[in-house]
Amino acid sequence: MQRRSFINRAGLAGVLAASVAPAVVRAEANVRWRLASSFPKSLDTIYGAAEVFTKKISEMSGGKFVISVHAAGELMPAFGVVDGVQNATVEMAHTAPYYFVGKDETFAIGSAIPFGLNSRQMSAWMYEGNGLKLMREFYAQYNIISFPGGNTGAQMGGWYRKPIKSLEDMKGLKMRIGGFAGKVIERLGSIPQNLPGGEIYQALEKGTIDAAEWVGPYDDQKLGFYKVAPFYHYPGWWEGGPQLDFFINTKAFGALSPEYKAMIEAAASHAHVEMQARYDAANPLALKQLVAAKAQLVQMPKSVMDGAFKASMEIYSELNAKNKNWAKVYADYAKFRADQNLWFRFTEATFDRYMQAAKL
């Protein structure tokens, strides 16, 4: 009896030891990466998402996986980060994909296109629809794997030296506007300029441009646009829910252990959620302060919205016929957008309209 009892206890101990051994034995290697951001350090929320991401990676890895963050211009220009990741100059970047429509218009769908998805709908398409799958298939052509890396929420329509009252006012307007929207305002007679965030104020101040859009009250206040262009239009019809991405070189990502890959996925999701939470929390006070500083809020005229919508749909139709990458991704995106708009019309939009009219 004593012998059998001893054997049973020994057997149980062996099973328990075997079940914990792998966790004890495995030791991750030290990894050092560099991340090139498309944003200046002064924009603590949009630039800060990369810092939130890298901090979480370090915490989860016990300091063994360290990623240094470099602001736009430190390692490469703001709009050079795709080339940097593609060519393995850096292991990863944090950027707005629509900056790179000059390479292929399909980049814009991974961020924001005029009259597209809002931020919640964009996350739904990415995580539960086919968005992440389709965009990764496209980015693979550039040796990139992507992870959603933040969203600003719907943006403002920019700062103008003179208010826009009709479509006629758009003609000849020199405007800093990012990504795909430039193609649309071009059809309205405007002249788009694609400038990094750090160069916009000087261009407005010198009169090199007549108007500029960036993000929303919190960031715009930091950049001081209200001092040189007081008319603050809304909404930013070209950015209903612009997503930022972490772009990682596919070879660098493939060399990571499964544990480190899982950390990247988890940290990216964390940064993705935190960025919009920070914007939603900070924008209301910033807007009040901008109005107190004499910024004038102006709703975008319906004629401009209608003209931009018509031009956008025409461009999408043209791209469907000439760009196979675009046609493949946009077909899925457009169907998802139609379903989402039907659903939101009966729920979110109706609730929001009531609450915004209520006396609180």
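**Lys294.** I looked up Lys294 and found that it counts as exposed at 65% relative accessibility; exposed means over 50% relative accessible area, buried under 20%, and partly exposed in between, with a 1.4 Å probe and protein chains only. Its phi is near 85°, a positive value in a residue other than glycine. Lys294 is placed in the loop between α11 and β11; helices are DSSP runs of H or I with at least four residues, strands are runs of E with at least two, and both are numbered from the N terminus.

**Basis.** I note that this is a predicted model, in which local features need pLDDT of at least 70 and side-chain atom pairs count only at pLDDT 80 or more, while totals for chains, interfaces and linings use all residues. Residues are numbered from 1 along each chain as its sequence is written, and side-chain values use heavy atoms, with hydrogens and water left out.

**Other backbone entries.** I also checked Ala88, which has a positive phi of about 65° although it is not a glycine. Ala88 sits in the loop between α3 (81–86) and β3 (92–95). For Pro235, I recorded a cis peptide bond from Tyr234, with omega near -5°. Pro235 belongs to the loop between β9 (231–234) and β10.

**Sheet.** I traced an open sheet of six strands in the order β7-β6-β8-β5-β9-β11, with mixed pairing. Because β7 (191–193) and β11 (296–299) stand at the edges with a single partner strand each, one side of each is left without a neighbour in the sheet. Strands pair if DSSP finds at least two bridges between them. Strand β5 (residues 158–160) runs antiparallel to β8 (residues 211–212), and two bridges join them. Within β8, Ala211 stands opposite Tyr160.

**Helix α5.** I listed the buried residues of α5 (residues 119–127) as Ser119, Gln121, Met122, Ser123, Trp125 and Met126. They pack against α4 (106–109), α6 (131–139), β4 (144–151), β10 (243–249), α11 (258–292) and α13 (324–346), contact being heavy atoms within 4.5 Å.

**Phe351.** I found Phe351 in helix α14 (residues 348–357), exposed with a relative accessible area of 52%.
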